[in-house]
Amino acid sequence: TDARNDFIIEDIRVPPPPVKKGKKKKGGKKKKNADGISPEEPVVEEVPEWMTYENMKGAIESGWQPGQSFSFVAKNAKGQKVLGKESDTKTNNPFEVE
């Protein structure tokens with residue numbers, strides 16, 4: 001069997017579209033408090049959540065395009081066994097004392 005035909009891609013996650021930022025206003029002098037300290041507004045940045053779809057078709061229909069980021073869960077996938085030297089399986093830690 002062909003491994004590419006056997007595995008299933010589910011739970012496709014797509015990042016939200018980029019938020020368009022408005023133009024910055026050129027302001028004059030900032031007003032100061034009676035203490036001589038200018039008031040600072042706390043900057044609250046909302047982190048938009050990634051959207052989740054059951055399949056790639058749903059992600060494409062919602063606006064995802066090739067070249068954009070996405071993540072997915074692959075099920076029923078078979079990995080390739082790699083045979084190597086014994087030194088490949090050993091950790092290469094320079095601080096390890098033998």
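First, some ground rules. Residues are numbered from 1 along each chain as its sequence is written, and side-chain values use heavy atoms, with hydrogens and water left out. Since this is a predicted model, local features need pLDDT of at least 70 and side-chain atom pairs count only at pLDDT 80 or more, while totals for chains, interfaces and linings use all residues.

**The sheet**

Let's start with the strands (DSSP runs of E, at least two residues, numbered from the N terminus). Three of them make an open sheet in the order β2-β1-β3, with antiparallel pairing. Because β2 and β3 stand at the edges with a single partner strand each, one side of each has no neighbour in the sheet. From one strand to the next, the twist averages 20 degrees; the angles run from 0 to 180 degrees between N-to-C directions, using axes fitted to C-alpha atoms.

β1 (residues 8–14) and β3 (residues 71–75) pair over four bridges, and Ile-9 stands opposite Ala-74 in β3. β1 is joined to β2 (residues 51–53) by three bridges, with Val-14 opposite Met-51 in β2.

**The rings**

Now for the aromatics. How many aromatic pairs does a search of the whole structure find? It finds two. Rings of Phe, Tyr and Trp (its six-membered ring) pair if their centres lie within 6.5 Å; planes under 30 degrees apart count as stacked, over 60 as edge-to-face and the rest as tilted. Here are the pairs:

| Pair | Centre to centre | Angle between planes | Type |
|---|---|---|---|
| Trp-64 and Phe-70 | 5.2 Å | 80 degrees | edge-to-face |
| Phe-70 and Phe-72 | 5.9 Å | 25 degrees | stacked |

Trp-64, Phe-70 and Phe-72 form one aromatic cluster. Are its members buried or exposed? Buried means under 20% relative accessible area, exposed over 50%, and partly exposed in between (1.4 Å probe, protein chains only). Trp-64 counts as buried because its relative accessibility is 11%. Phe-70, at 37%, counts as partly exposed, and Phe-72, which lies in strand β3, is partly exposed at 42%.

**The surface patch**

Phe-7, Ile-9, Phe-70 and Phe-72 make a nonpolar surface patch of about 340 Å². Patch residues have over 30% relative accessible area and no salt bridge, and nonpolar side chains (Val, Leu, Ile, Met, Phe, Trp, Tyr) are joined within 5 Å, like charges within 9 Å. A salt bridge is a side-chain nitrogen of Lys or Arg within 4 Å of a carboxyl oxygen of Asp or Glu.

Note on methods
Pairing = 2+ DSSP bridges. Areas by Shrake-Rupley, 256 points an atom, 1.4 Å probe, with all protein chains shown as cover.
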